[in-house]
Amino acid sequence: MSELTIPHVHHRHVDVDGLRVFYRETGPADAPVLLLLHGFPSASHQFRRLFDALGARHRLIAPDYPGFGHSEAPASDAFRYRFDTLADVVEGFCRALGLDRFALYVFDFGAPVGLRLATRHPEWITGLVVQNGNAYEEGLSDQARAFIANRPGVEGAAERARAILTLEITRSQYEGGTGDPTLVAPDGWTLDQHHLDLPGRKDIQVELALDYHRNVELYPVWQQWLRTHRPPTLVVWGRNDPFFTEPGARAYLRDVPDAELHVLDTGHFALEEKLPEIAPLIDDFLVRLRRQPPGTQSRRSTSVTKPSVPR
């Protein structure tokens with residue numbers, strides 16, 4: 001009988017400065033860590049299939065931010081929902097679990113959270129996996145710029161931010177830009193909308209939406225961190241993302257010339273349709289991280305309509 005290795009995935013909570021934070025963990029306890037930071041309006045469940053694919057060989061840990069998924073969602077008068085405070089919680093989460101050396105996977109909201117963490121603790125970061133996580137002005141679509149224009153003091157901003165928190169739009173974030181929407185399980189957007197519809201959760205998302213402009217203001221800081229530290233970097237991007245465009249993916253090569261870039265013919269939630277293409281890229285990247293000192297990876301850049309996995 002052939003051996004089939006399927007990892008156990010643990011579902012746990014940890015106290016972070018009085019907040020009950022949910023997280024998923026899989027993989028050998030002595031393996032290097034990949035910390036995965038999820039996007040909007042999702043949670044760590046977006047990585048569930050990646051955990052199954054990689055958990056036999058790598059240690060993966062993914063928390064839910066406060067107000068997302070299964071983490072505690074204190075009311076706005078008890079917790080200030082800003083990207084700075086989400087980063088504070090993830091920093092505390094790392095300390096609570098004793099994580100001080102790990103590769104970082106950033107997607108969507110995970111980019112502003114994770115890059116804040118990286119600039120605070122560059123010594124923690126062994127490598128960077130970027131999947132549709134923007135850090136460049138040229139990566140912002142017109143739709144993204146309209147979203148970012150919603151900020152405190154702008155008339156109608158809160159109402160416009162709240163208007164996108166619907167089932168139709170949540171579903172479109174998953175299926176939009178895909179080549180074959182039948183490959184996108186409905187579980188992701190259904191669960192996301194369930195959490196969005198819980199009491200107080202939409203108010204949380206409105207607060208974060210009105211704070212998003214501060215992320216753009218920090219782009220130069222994050223770019224400087226990338227130029228200074230040149231972390232081994234894998235960029236995997238769905239080119240049909242309506243928010244974060246392909247030039248944002250290619251911009252990483254300006255600051256990290258040795259980055260490995262793969263542009264795939266899919267949308268924002270690229271893992272949903274392209275996991276069979278993406279998981280081997282991440283596996284290969286993590287294996288090379290173990291074997292090579294930082295900064296020694298060769299650059300490989302591909303742009304394909306029908307993605308292929310390089311050998």
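**Exercise 1.** In this predicted model, work out how many of the 10 residues of helix α11 are buried.

*Solution.* Start with the stretch itself: helix α11 covers residues 246–255 and is mostly covered, with 7 of its 10 residues buried. Now put names to them: E246, G248, A249, A251, Y252, L253 and D255.

**Exercise 2.** Find the salt-bridge partner of R57 and say where each of the two sits.

*Solution.* The partner is D283, with 2.8 Å between the closest N and O atoms. R57 is in the loop between α1 and β4, whereas D283 belongs to helix α12, so this pair links distant parts of the chain, 226 residues apart. Then compare cover: R57 is partly exposed, with a relative accessible area of 46%, but D283 counts as buried at 18%.

**Exercise 3.** Decide which side chain of opposite charge is nearest to E272, and what surrounds E272.

*Solution.* E272 is buried yet has no salt bridge; R48 is the nearest side chain of opposite charge, 4.0 Å away. Finally, skip the neighbours within four places in sequence, and E272 is in contact with residues including R48, R49, Y174 and L183.

Key: Residues numbered from 1 in each chain as written. Predicted model: local features only at pLDDT ≥ 70, side-chain atom pairs only at ≥ 80, totals over all residues. Heavy atoms only, no water. Buried < 20%, exposed > 50% of the residue type's maximum accessible area, 1.4 Å probe, protein only. Lys, Arg positive; Asp, Glu negative; His and termini not counted. Contact = heavy atoms within 4.5 Å. Helix = DSSP H or I, 4+ residues; strand = E, 2+ residues; numbered from the N terminus.
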